[in-house]
Amino acid sequence: MKFEEKLKLVKKTYLDINPPASLVEYGWQALKAELETPKPPIRSVLKFRLFLAGFAGLIFLIFSFGVVQASQKALPGDPLYPVKKVTESIEVYVSGDKHVKVGKRAEEVIQAVEDKKDQGVVGETIKNYQDEVLKTKKDAEKSGEEQKLKQKLESQEQQFNDVIKKGSSSKGDMEKAIEVSKKGRGGADDSEKDEQKSEDK
Amino acid sequence: MQSSDIRKLINQAQKGDKDAFGQIYKLYLKKIYRFVYFSVRNKELAEDLTQTTFYKAWISLPKFSVEEGTIQAFLFTIARHLIIDESRKKKEISATSFGEGFEQFLSDDPGPEELAFKQEIKDFVWHALRKLKTSERNIIVLRFFEELEYSEIAQIIGKKEGAIRVMIHRILLKLKGQVEDQ
């Protein structure tokens with residue numbers, strides 16, 4: 001038997017395949033009933049899932065925003081202080097203002113004094129302020145923004161003085177901060193000496 | 001039924017007329033069922049996949065355009081995808097089981113000639129078609145059993161007409177080789 005004839009034989013067998021009588025008789029009715037049953041269309045399911053994802057994303061954003069906001073008042077040792085440091089770096093990157101960090105450290109000194117935090121916290125804020133002033137000064141010398149830094153430090157010195165004028169009990173701490181600010185406004189040699197001292201400590 | 005009548009039915013079904021779609025269902029039920037059954041060789045599964053084919057066809061019908069292909073090719077495309085999904089679930093359906101169930105489609109009381117004929121078919125099915133891949137078998141079925149146009153098979157398989165011609169030629173050579181080896 002030739003190949004073509006065999007193929008025809010198989011075709012005959014194939015064409016003899018019939019759907020079961022039940023399918024022929026009731027298949028359409030069953031399908032019609034299924035088509036008439038309201039089901040959520042696939043697109044609706046997708047939309048709902050997208051909505052859920054969006055909603056979860058929104059909640060996450062709100063939560064994150066709350067955490068970031070709360071972290072702005074954090075002082076060294078607080079659980080949210082690392083969050084504050086991270087957001088600072090982002091702020092510097094986005095704004096291009098290299099003096100953001102030194103401003104934040106000065107605010108922390110004032111906040112620690114005004115909130116009457118213990119000496120350990122106040123001391124750490126002054127130390128952080130000193131480190132940041134030295135670092136920023138070095139960067140300013142490289143980028144030629146010394147004048148801008150001087151103005152910033154003058155403004156901070158003024159703020160420290162205002163705290164003293166308010167009659168703060170931590171006059172000594174404020175004077176230390178003023179000293180740091182003054183040194184920051186001094187020459188590069190001073191800053192290198194200060195850096196050396198800081199490293200020695 | 002003339003192609004203009006089928007176009008009319010498609011048009012009505014696309015507008016939401018379920019009875020028109022019911023006529024399309026009755027028109028192509030046997031073709032889709034045997035195509036599915038030939039691949040899955042399981043009555044219940046073939047019934048399920050046939051019904052799912054028409055269900056999906058109804059859902060996708062608004063996107064179908066008679067300018068882009070025939071309703072027959074549209075239905076075979078859906079059925080073929082369901083068969084592929086099913087074979088992925090069960091891996092490739094065991095080649096050794098291929099051919100089971102075909103006896104029931106022959107006469108219940110075969111005479112000696114029919115028995116010989118039946119044996120011939122069984123031999124052919126067992127020894128040649130079982131060696132083809134499911135996708136290759138589908139192409140042979142569509143072209144030589146269902147007698148679809150090359151353009152329709154191209155629409156179903158998602159390849160160009162020229163590529164389908166080459167594929168069919170290659171599969172036939174393979175099949176011939178297997179038959180002649182017996």
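Arg41(B) sits in the loop between helix H2 (18-40) and helix H3 (43-60) of chain B. Phi of Arg41(B) is near 55 degrees, a positive value in a residue other than glycine. Arg41(B) counts as buried, at 12% relative accessibility. Buried means under 20% relative accessible area, exposed means over 50%, and partly exposed lies in between (1.4 Å probe, protein chains only).

The model is predicted: local features need pLDDT of at least 70, side-chain atom pairs count only at pLDDT 80 or more, and totals for chains, interfaces and linings use all residues. Residues are numbered from 1 along each chain as its sequence is written, chains are lettered from A and ligands numbered from 1 in the order in which they are written, and side-chain values use heavy atoms, with hydrogens and water left out.

**Chain B as a whole**

- Chain B has eight helices and zero strands. Helices (H or I, at least four residues) and strands (E, at least two) are DSSP runs, numbered from the N terminus.
- Along the sequence, the pattern of chain B reads α-α-α-α-α-α-α-α.
- Chain B has 182 residues, and 48% of them count as buried.
- Take the contacts in chain B between residues at least 6 apart in sequence: 66% of these join residues at least 24 apart. Contact means heavy atoms within 4.5 Å.
- Chain B has an accessible surface of about 9,500 Å². Carbon and sulfur atoms hold 48% of that surface. Such areas come from the Shrake-Rupley method with a 1.4 Å probe, and for residues only the protein chains shown count as cover.

**Ser87 in chain B**

- Ser87(B) belongs to helix H4 (residues 71-89) of chain B.
- Ser87(B) is buried, with a relative accessible area of 11%.
- A polar atom of the side chain of Ser87(B) lies 2.9 Å from the backbone oxygen of Ile84(B).
- Ser87(B) and Val40(B) are 47 residues apart along the chain, and their C-alpha atoms are separated by 8.1 Å.

**Where chains A and B meet**

- At this interface, 29 residues of chain A are in contact with 36 residues of chain B.
- The area buried between the two chains is about 3,300 Å², and carbon and sulfur atoms give 75% of it. Buried area is the accessible area (1.4 Å probe) that two parts lose on being put together, summed over both.
- Seven residue pairs are in polar contact between chain A and chain B (both at pLDDT 80 or more). A polar contact is a pair of N or O atoms within 3.5 Å; within protein, one must be able to donate a hydrogen and the other to accept it, and residues adjacent in sequence count only if both atoms are side-chain atoms.
- Two salt bridges are counted between chain A and chain B. A salt bridge is a side-chain nitrogen of Lys or Arg within 4 Å of a carboxyl oxygen of Asp or Glu.
- Lys32(A) forms a salt bridge with Asp19(B), and the closest N and O atoms are 3.0 Å apart.
- Helix H1 (3-15) and helix H2 (21-36) of chain A each supply at least two residues of the side of chain A that touches chain B.
- That side of chain A has 16 nonpolar, four polar and nine charged residues. Ala, Val, Leu, Ile, Met, Phe, Trp, Tyr, Cys and Pro count as nonpolar, Asp, Glu, Lys and Arg as charged, and the others, Gly among them, as polar.

- Side chains of opposite charge can pair when their charged atoms come close.
- Over all chains, the whole structure holds 20 salt bridges.
- Glu108(A) forms a salt bridge with Lys84(A), with the closest N and O atoms 2.9 Å apart. Glu108(A) lies in helix H5 and Lys84(A) in helix H4 (residues 81-95) of chain A, so the pair ties together parts that are 24 residues apart in sequence.
- Both Glu108(A) and Lys84(A) are buried.
- Lys84(A), Glu88(A), Arg105(A) and Glu108(A) are linked in a network of salt bridges.
- Asp131(A) forms a salt bridge with Lys127(A), with the closest N and O atoms 2.7 Å apart. Both residues lie in helix H6 of chain A, four residues apart, about one turn of the helix.
- Asp131(A) is partly exposed at 29% relative accessibility, and Lys127(A) is partly exposed at 34%.

**A positive phi in chain A**

- Lys116(A) is not a glycine, yet has a positive phi of about 55 degrees.
- Lys116(A) lies in the loop between helix H5 (100-114) and helix H6 (119-143) of chain A.
- Lys116(A) is exposed, with a relative accessible area of 67%.
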